[in-house]
Amino acid sequence: MTQKGVALVTGASRGIGAAIAKKLGSQGYLVGVHYRSGKSQAEAILSEIKTAGGKGFLISFNIGNPADITNTIEGMVKEYGPVAALVNNAGITGDALLMRQSNEQIDELLNVNLRGAIVCTRECVKSMIKAKNGGSIVFISSVVGETGNAGQSVYSATKSGLIGFAKSIAQEVASRKIRSNVVTPGFIKTDMTENLTDAQKESILRSIPLERMGEPEEVANAVAFLVGTDSRYITGEVIAVNGGMST
Ligand code: NAI
């Protein structure tokens with residue numbers, strides 16, 4: 001396997017991020033397995049990557065804290081080399097009707113889901129530009145960032161925001177051979193969707209033409225395509241992985 005550069009995957013200790021980290025590890029990237037609090041889970045993902053013949057390292061910072069992001073990514077670049085790929089996956093939900101959402105909850109959603117991805121991107125793009133070797137950035141948005149969803153207005157706003165940001169960055173850094181794309185997952189089986197009630201799950205299933213929830217690996221496959229050179233002429237694009245839900 002040819003060794004490729006550093007691929008930082010945020011929120012890689014579980015769910016979709018873990019599947020992306022494993023996939024990129026299997027493709028020869030030196031995977032930065034990012035976590036915040038799930039150290040033992042992140043260690044298990046890294047050891048799976050290594051057992052499969054891949055390479056990686058652990059990296060921890062709070063996506064909600066810009067200074068923490070900047071300092072840690074700078075240290076990562078010094079230790080492991082320039083960033084070849086960034087997958088902005090970490091995110092939280094905060095489902096509630098807008099009327100019941102406090103300023104603190106709104107701030108937290110915006111800071112983690114949107115500002116966090118923006119600051120990670122700025123820090124990684126600095127490294128990509130300096131290395132003069134191009135790069136690829138992928139944002140994990142959501143189907144609700146395209147359709148909207150009652151009870152998820154602020155979450156949806158952060159996910160739509162990622163699309164606007166990704167398309168703008170695609171134009172800003174295209175001349176540096178850096179690409180920026182988005183994946184919008186539908187309903188994927190992870191801890192995030194585990195807590196839905198059976199009634200919610202049934203209603204969701206009725207809206208999915210392929211009649212099932214997606215697997216994290218199915219999102220990871222689309223991300224790997226966008227990270228790798230097979231998609232070298234694609235930038236500013238949004239790929240839905242949602243079983244055919246209409247957007
Ligand atoms: P998850 O809850 O299993 O994983 C989220 C990850 O983000 C965790 O590793 C968590 O530690 C990390 N994270 C959260 N807050 C953080 C913070 N302040 N600092 C650092 N890391 C933090 O969620 P899942 O389902 O794997 O989701 C991954 C991404 O996919 C999220 O951005 C989510 O919004 C998006 N998504 C998920 C869908 C689903 O059906 N599961 C559907 C559409 C989008």
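This dialogue goes through some features of a predicted model, from the whole chain down to single residues.

Colleague: What does the secondary structure of the chain come to?

Modeller: The chain has nine helices and seven strands.

Colleague: How does the radius of gyration of the chain agree with that of a compact globule?

Modeller: A compact globule of 247 residues would have a radius near 18 Å, and the chain has 17 Å, which agrees. Along the principal axes, the C-alpha atoms fill a box of roughly 50 × 35 × 35 Å.

Colleague: What share of the contacts in the chain joins residues 24 or more positions apart?

Modeller: Among contacts with a separation of 6 or more, such pairs account for 74%. As for burial, 49% of the 247 residues count as buried. The chain exposes about 12000 Å², and carbon and sulfur atoms supply 50% of that area.

Colleague: How many positive and negative side chains are there, and how far apart do the centres of the two sets lie?

Modeller: There are 25 positive and 22 negative side chains, with the two centres 9 Å apart.

Colleague: Now single residues. Is Ser-180 buried or exposed?

Modeller: Buried means under 20% relative accessible area. Ser-180 has 0%, so it is buried. Ser-180 belongs to strand S6, which covers residues 178-185.

Colleague: Which backbone oxygen lies 2.8 Å from a polar side-chain atom of Ser-180?

Modeller: That of Ala-166. Leaving out residues up to four places away in sequence, Ser-180 touches several others, including Ala-166, Ile-137, Phe-139 and Thr-235.

Colleague: And Thr-70: where is it found, and which side chain does its own side chain join in a polar contact?

Modeller: Thr-70 is in helix H3, residues 66-80. Its side chain makes a polar contact of 3.3 Å with the side chain of Glu-123. Beyond four places in sequence, Thr-70 touches Val-119, Arg-122 and Glu-123. Thr-70 counts as buried because its relative accessibility is 14%.

Colleague: Where are Lys-132 and Lys-177 found?

Modeller: Lys-132 sits in the loop between helix H4 (103-131) and strand S5 (135-140). Lys-177 sits in the loop between helix H6 (153-173) and S6.

Colleague: Are they buried or exposed?

Modeller: Exposed means over 50% relative accessible area. Lys-132 has 76%, so it is exposed. Lys-177 has 62%, so it is exposed.

Technical notes:
Residues are numbered from 1 along each chain as its sequence is written. This is a predicted model: local features need pLDDT of at least 70, side-chain atom pairs count only at pLDDT 80 or more; totals for chains, interfaces and linings use all residues. Side-chain values use heavy atoms; hydrogens and water are left out. Helices (H or I, at least four residues) and strands (E, at least two) are DSSP runs, numbered from the N terminus. The radius of gyration is taken over C-alpha atoms; the globule rule is 2.2 Å times the number of residues to the power 0.38. Buried means under 20% relative accessible area, exposed over 50%, partly exposed in between (1.4 Å probe, protein chains only). Contact means heavy atoms within 4.5 Å. Accessible areas come from the Shrake-Rupley method with a 1.4 Å probe; for residues, only the protein chains shown count as cover. Lys and Arg count as positive and Asp and Glu as negative; His and the chain ends are not counted. The place of a charge is taken as NZ of Lys, CZ of Arg, CG of Asp or CD of Glu. A polar contact is a pair of N or O atoms within 3.5 Å; within protein, one must be able to donate a hydrogen and the other to accept it, and residues adjacent in sequence count only if both atoms are side-chain atoms.
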